[in-house]
Amino acid sequence: MEMGDRPQCSDECREALRRLGALLDGELGEVTQTKLERHLADCEPCTDRRDFEEGFRELVRRGCTDQAPPHLRARILSQLDETVTG
Ligand SMILES: [Zn+2]
């Protein structure tokens, strides 16, 4: 496993996480979006991840990661790290 220490519950979750970006960008088709949202409603880890991703994008858009709460900022920085090294 090279994806870090987050547990992957299923293929469905991997699929959902892969499509998160497109979901937040509104790039998914209606059917796919509905399916994904249904999964998120059932799956706490994926919902948590979606919320984080959403907050992350908002912060980046406003260019104020320095003002993020310390715990969130730490998550953002480790996320960026993951993105760069991954
Ligand atoms: Zn899931």
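Q: Which helices have the lowest and the highest mean pLDDT among the elements of the chain?
A: This is a predicted model, and confidence is read element by element. Helix α4, residues 70–85, has the lowest mean pLDDT, 72. Helix α2, residues 30–42, has the highest, 95.

Q: What does the chain average in pLDDT?
A: The average is 80. A score of at least 70 is reached by 79% of the residues.

Q: Where does pLDDT stay under 50?
A: Look at residues 1–6. Over that stretch the model has one contact beyond four places in sequence.

Q: How many helices and strands are in the chain?
A: Four helices and zero strands. Along the sequence the pattern reads α-α-α-α.

Q: What share of contacts joins residues at least 24 apart?
A: Take the contacts between residues at least 6 apart in sequence. Of these, 41% join residues at least 24 apart.

Q: Why does Leu36 count as buried?
A: Leu36 sits in helix α2. Leu36 counts as buried because it has 21 C-beta neighbours inside 10 Å, and the cut-off is 20 or more.

Q: Which residues does Leu36 touch, not counting those up to four places away in sequence?
A: Ala16, Arg19, Leu23 and Leu28.

Q: How far apart are Leu36 and Glu15 in sequence and in space?
A: Sequence separation and spatial distance are read side by side. Leu36 and Glu15 are 21 residues apart in sequence. From C-alpha to C-alpha, Leu36 and Glu15 are 8.8 Å apart.

Conventions:
Residues are numbered from 1 along each chain as its sequence is written. This is a predicted model: local features need pLDDT of at least 70, side-chain atom pairs count only at pLDDT 80 or more; totals for chains, interfaces and linings use all residues. pLDDT is the predictor's confidence in each residue, from 0 to 100. Helices (H or I, at least four residues) and strands (E, at least two) are DSSP runs, numbered from the N terminus. Two residues are in contact if their C-beta atoms, placed from the backbone, lie within 7 Å. A residue is buried if 20 or more other C-beta atoms lie within 10 Å of its own, exposed if 12 or fewer, and partly exposed in between; C-beta atoms are placed from the backbone.
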